[in-house]
Amino acid sequence: MKFIQLKKIKGQQKKPHSKVGLFCLIAGTIIFGAVFFWDFGLHLRDYRLAHSNSTASNWSHTVQILSSRFIFPWIVGGTAVLVLNGWRQFTHKKVRQQYERLDLAVASATDMVFVTDVKGRIEYINDAFTRITGWTREEALGRTPNILKSGMVAPSYYKQMWEALKRGEVWNRRVINRRKRPVDSDRNIHLPIFGQNVTNEEKDCFYWADQTISPMRDANGRITAYVALQRDITEQVQAEQQRKREKSYTQLLANVGQTLQSQRPLDQRLGDALDEVLQLEELDVENKGGIFLHPPDTEHLELFLTRGAFSTEFLKKERIIPFGQCLCGQAAQSGEFLVSNECFQDKRHTQQFAGMTSHGHFIVPLIHGGNTLGVLFLYTQPHPTADTKHIAVLKQIGELISLAIANHRLHQKLSNAVNHQKRILDVATTAIFLVDDHRHITDVNDEFCRITGFSREEVLGRHCSLLRSDSYLSKCDLSSTDPQKPTFRQRCTLYSKDERELTVIKNTQPLYNEKNDPIGWIESFVDITEQDQARAKAEKANQFKSLFVANMSHEIRTPMTAIMGYTQLLSEEAGGHPQCLEYIQTIQRNGEHLLTLINDILDISKIEAGHLEIERIHCSPQEIVAEVVSMMRHRAIEKEISIDVVYTGPMPETIETDPTRLRQILVNLTGNAIKFTEKGSVRIEVHLSEKEPRLRFDIIDTGIGITEEQIGRLFQAFTQADTSTTRRFGGTGLGLTISRSLAQHLGGDVTVTSTPDKGSCFSATIATGELKGTIMLNKPHEIMNKQPEKLPAASSPNILQGMRILIAEDGPDNQRLIAVLLKRVGADIAIVENGQLAVDLITDPNTQPFDVILMDMQMPVLDGYNATSQLRRKGYGKPILAMTAHTMAEDRRKCLDAGCDDHISKPINPAKLFKTIHAYRATDQAIAS
């Protein structure tokens, strides 16, 4: 407590303090009371008792004192002082104790606390402020928090902060601040822009804080000060950044390892690996670097490849570098990892070139088996981050590149070796070891030791069971393998010396003596443990993508149900308006095209994710061809071209395949043939090869044809033979990609031959399954003349006459559409908007029974799956037909597993809907009879 004073609020003079004791207090009170009764002019005056402290906000208490204009002022003043003095003695001690406890708590807090006035001048700091920032109380008071600015925070941060504070809002954000520069530092410390590298000394000057700033208001609501609380979270932020870096480093090593293990030329593999390194932001490298190789039996480096912009002068002078010259030559000679902070200050940087700007370097020697194979050099900003993890990752990358170079050279060397060395070359990938006919290890390479952790001395002469993996030993057993049939790319598991489980791809090749008797085996394997982990992540990502595509398909198909349905109704109403009918048909045509695109995207997504499901059932290929021709004939008639089918020889009455996928292939190929044919014909020729056995469908057209170059791009997703094709004929370029994938899943393929301006022949082959005992048709073309079963017409007035149908659908547009369609064919309709209402209505004993329930599977409150399951558990036995925009096979199974009798996909085809409902009506009638 610094002082206590009595202030008159309503403009009166201050009254002096009194230090009279209890006796004076009592006497004063008695006198005051007497005067009060004697003087009729008494009235109240307001006085305020105020407390002030330089390190805390003011507080005050207001009291009312009786006074009169007719009584001597000194009596009134003295009396008031006596009253207040007694009150002060009581409250002063209590408030002081509370304040001291609060001040002690704030001062001893581990988080820094400081208070500023409205202009941002610091009025109070606690001890933690000095400890964290280095600024003492004397230095900080009266200054602004700008002394903490790091220069690494965007100006917009502070602008937004002050705007929020002036609005009276609490501000809470992370911020990077700077501690006070040491007093004895007379050097100019490099202050980086945000995101730039800093030296270790500079890093110590910065700290991350979780900052909360709160406005303080007076009794009138005006902001009088700001209280800031900052918690040092530097370690937390560093841990977050470290986790991010670790994840990026792991992915980089996996990508580089996979790139280097491919079978492409060395320059392509090393170039792609270098691209991976240069693109990783966490390594703080620029998009510039290269690789020198050390030719055997020389004392110099040769520039092998570069990435980024290098001058002609550099490429000429740096083509060959002797050992010991410049940074790369020194690293090759010493085998040491080198870091250069600044090219103009590093004396080891001996070469200077015109236009060269300030930069740093990471120089990574490429060493394998104690031999220098080359040098990897990377450009950086000056003073690059060179912590232990950075260097460790770059060294690992150097080891991977060294291994790739060593394997490449080994491959070249083995190609010139004798017979058993040539066999080693045929299977060599990474780790190599030899076993004799008793399965004892006779030799290993360095990579085997590196991967397994065993030294050569530890494994030579020992049984290969030291790898302790049953799955590996089963492939290592000579007696179980035909020595005339080498094995390649067998996946198995082995264990390293330190009990780490490794997943490897193993190749095996027998070795022979001069009598051509097997004398042992040469085996090689590549460690794909990290690749497997990366593949698992990729598969998970594919699952998410497939789910997303399926959900998008559902969201698109649901409104398409209304669009296509109401368009169908409009077409029936527009009979007398040809122009309106033309408009409606245009909408229908484009809607059908949109649905085709949705189906294609779903298929390509499932193919890429490996989730495409193929069924194998007996079906008639002739009927499938007839359906395709029937579907495509109207397109051919519109273009005034003919479409014919030719069977060459007898055909099996049935084959075992997936009829839906076969129909999809033929529709795609025939549709393409019609689309790209302006005049002439399209012909489908069907051939049976009894040797495999396989069916081949040749779709031959007289269209525009394709060049050899264009054929090479045909089966790539979203690609067409010519960019002008999309503009002229439309399409996404998915049809052929999907058709080839489907044919391959059906045991065949899709190929093409073509002549520009004369036409093309697309050949689709599929496996037929076992044909033994299958009836062969000598006149399969007669199937073409059979009339397909007609579906009930949408306009048939009585097909569902008398049927009572419940529609459970939450979409108002689709409710009205389905109701209109069903009422037009005689059905009696009831509608509910969710599954719970459907269950309640059906189980109500007063409800008239329904013949069929149309159950939408995606509804609020209770979806169709749970509603159906509840009804089946309650014993409901009438047909329940699922309606859903999810069209995958697994979606159909999910509906059936829930208790639905059938699956109707959206957009709804009225004729198929009527036929399906009618079929269940006929079944019920047959059961009843």
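This is a predicted model: local features need pLDDT of at least 70, side-chain atom pairs count only at pLDDT 80 or more; totals for chains, interfaces and linings use all residues.
1. Helices are DSSP runs of H or I with at least four residues, strands are E runs of at least two, and both are numbered from the N terminus.

2. Residues are numbered from 1 along each chain as its sequence is written, and side-chain values use heavy atoms, leaving out hydrogens and water.

3. Now try the rings. Rings of Phe, Tyr and Trp (its six-membered ring) pair if their centres lie within 6.5 Å; planes under 30 degrees apart are stacked, over 60 edge-to-face, and the rest tilted. By this rule there are 13 aromatic pairs. In one of them, Phe-310 and Tyr-379 have centres 5.6 Å apart and planes at 75°, so the pair is edge-to-face. Phe-310 lies in the loop between strand 10 (300-307) and helix 9 (312-317) and Tyr-379 in strand 14 (residues 371-380), so the pair ties together parts 69 residues apart in sequence.

4. Phe-310 counts as buried at 15%, and Tyr-379 counts as buried at 8%. Phe-548, by contrast, is exposed at 53%.

5. Take a look at Phe-433 and Phe-448 too: their pair is tilted, with 5.3 Å centre to centre and 50° between the planes. Phe-433 is buried, as is Phe-448.

Key:
Buried means under 20% relative accessible area, exposed over 50%, partly exposed in between (1.4 Å probe, protein chains only).
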